[in-house]
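This report walks through one protein chain, from its overall make-up down to single residues. Please look over the sequence and the structure before reading on.

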Amino acid sequence: LGKFVVNKTANDTLSGANATAWFGDTSLNAGLLMQQKISSPYAFVLQAQNKDDGVSTFPLSLNPNGGNVGIGTTSPTQKAVVAGSADTRLAIHGSNTSGLYLMSTTAGDGATFSYDSTGINIYSTNSTQAMKILNAGNVGIGTTSPGSKLAVTGSGTGTGVAFYIAN
């Protein structure tokens, strides 16, 4: 097997201040940009994009034919594994619609977990808020504004309150 290596030295001109390699289809101007940033935070970038405009992006598939993907591990045992020492976290950042979406193989089945300024939100398959955990610690099931440590609201009685515990 052949190898392809790009090394940045003080005298090369790969991409201004950053070492860059490009793999792709020149007729489509689509491919994979690999870049090592030389300033903080010294990131290594993998980006599927249009080579000419550097703005148009495309999906990037990891192991599309099967296999596991690991971050911080060389032997992932599941489809996606994030491993580390002491403080290992998975962060999902975005606009006001960011969150973690868990879904099954059945179309439409899933749940969304998100955070806003008041606490954690859990939404059911049909985008209805099923549970709220306020920053203060109150938990609401069937209500977005629990007034006690645990508030459960739903059908079941004439008042709509199925279960309620208050101090």
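## Overall make-up

Which pattern does the protein chain follow when read along the sequence? The pattern is β-β-β-β-β-β-β-β-β-β-β-β. In counts, the protein chain has 12 strands and 0 helices. The model is a predicted one.

Of the 167 residues in the protein chain, buried residues make up 17%. The accessible surface of the protein chain comes to about 12,300 Å², and carbon and sulfur atoms account for 56% of that surface. Among contacts between residues at least 6 apart in sequence, 2% join residues at least 24 apart.

## The sheet of β1, β2 and β3

Three strands form an open sheet in the order β1-β2-β3, and their pairing is antiparallel. Strands β1 (19-25) and β3 (44-50) stand at the edges, each with a single partner strand, so one side of each has no neighbour in the sheet. On average, neighbouring strands of this sheet are turned by 20° against each other, with direction ignored.

The pairing of β2 (residues 30-36) with β3 is antiparallel and runs over 7 bridges. Within this pairing, Leu32 has Ala48 in β3 as its bridge partner.

In a regular strand, the side chains alternate between the two faces of the sheet.

Two residues of the loop between β3 and β4 are described here. One of them is Lys51, which is found in that loop. Lys51 is partly exposed, with a relative accessible area of 46%. Leaving out residues up to four places away in sequence, Lys51 touches Trp22 and Asn29. Lys51 and Asp25 are 26 residues apart in sequence, and their C-alpha atoms are 9.4 Å apart in space.

Asp53 is also found in the loop between β3 and β4 (69-71). Is Asp53 buried or partly exposed? Its relative accessibility is 39%, so Asp53 counts as partly exposed. A polar atom of the Asp53 side chain lies 2.8 Å from the backbone nitrogen of Val55. Asp53 and Asn29 are separated by 24 residues in sequence and by 9.0 Å in space, C-alpha to C-alpha.

Asn121 has Lys132 in β9 as its bridge partner. How many residues lie between β8 and β9 in their hairpin? There are 5 residues between them, and in the turn Ser127 has a positive phi of about 65°.

Side chains of opposite charge can pair when their charged atoms come close. In this model the count comes to 1 salt bridge. The salt bridge is formed by the side chains of Asp116 and Lys132, at 3.1 Å from N to O. It links distant parts of the chain, with Asp116 in strand β7 and Lys132 in strand β9, 16 residues apart.

Asp116 counts as partly exposed because its relative accessibility is 31%. Lys132 has a relative accessible area of 3%, so Lys132 is buried.

Thr143 is found in the loop between β10 (139-141) and β11 (150-152). Why does Thr143 count as buried? Thr143 has a relative accessible area of 19%, and buried means under 20%.

A polar atom of the Thr143 side chain lies 3.3 Å from the backbone nitrogen of Ser145. Leaving aside neighbours within four places in sequence, Thr143 is in contact with Lys132, Ala151 and Thr153.

Definitions and conventions: Residues are numbered from 1 along each chain as its sequence is written. This is a predicted model: local features need pLDDT of at least 70, side-chain atom pairs count only at pLDDT 80 or more; totals for chains, interfaces and linings use all residues. Side-chain values use heavy atoms; hydrogens and water are left out. Two strands pair if DSSP finds at least two bridges between them. Helices (H or I, at least four residues) and strands (E, at least two) are DSSP runs, numbered from the N terminus. Axes are lines fitted to C-alpha atoms, for helices over the stretch in contact, and angles run from 0 to 180 degrees between N-to-C directions. A salt bridge is a side-chain nitrogen of Lys or Arg within 4 Å of a carboxyl oxygen of Asp or Glu. Buried means under 20% relative accessible area, exposed over 50%, partly exposed in between (1.4 Å probe, protein chains only). A polar contact is a pair of N or O atoms within 3.5 Å; within protein, one must be able to donate a hydrogen and the other to accept it, and residues adjacent in sequence count only if both atoms are side-chain atoms. Contact means heavy atoms within 4.5 Å. Accessible areas come from the Shrake-Rupley method with a 1.4 Å probe; for residues, only the protein chains shown count as cover.
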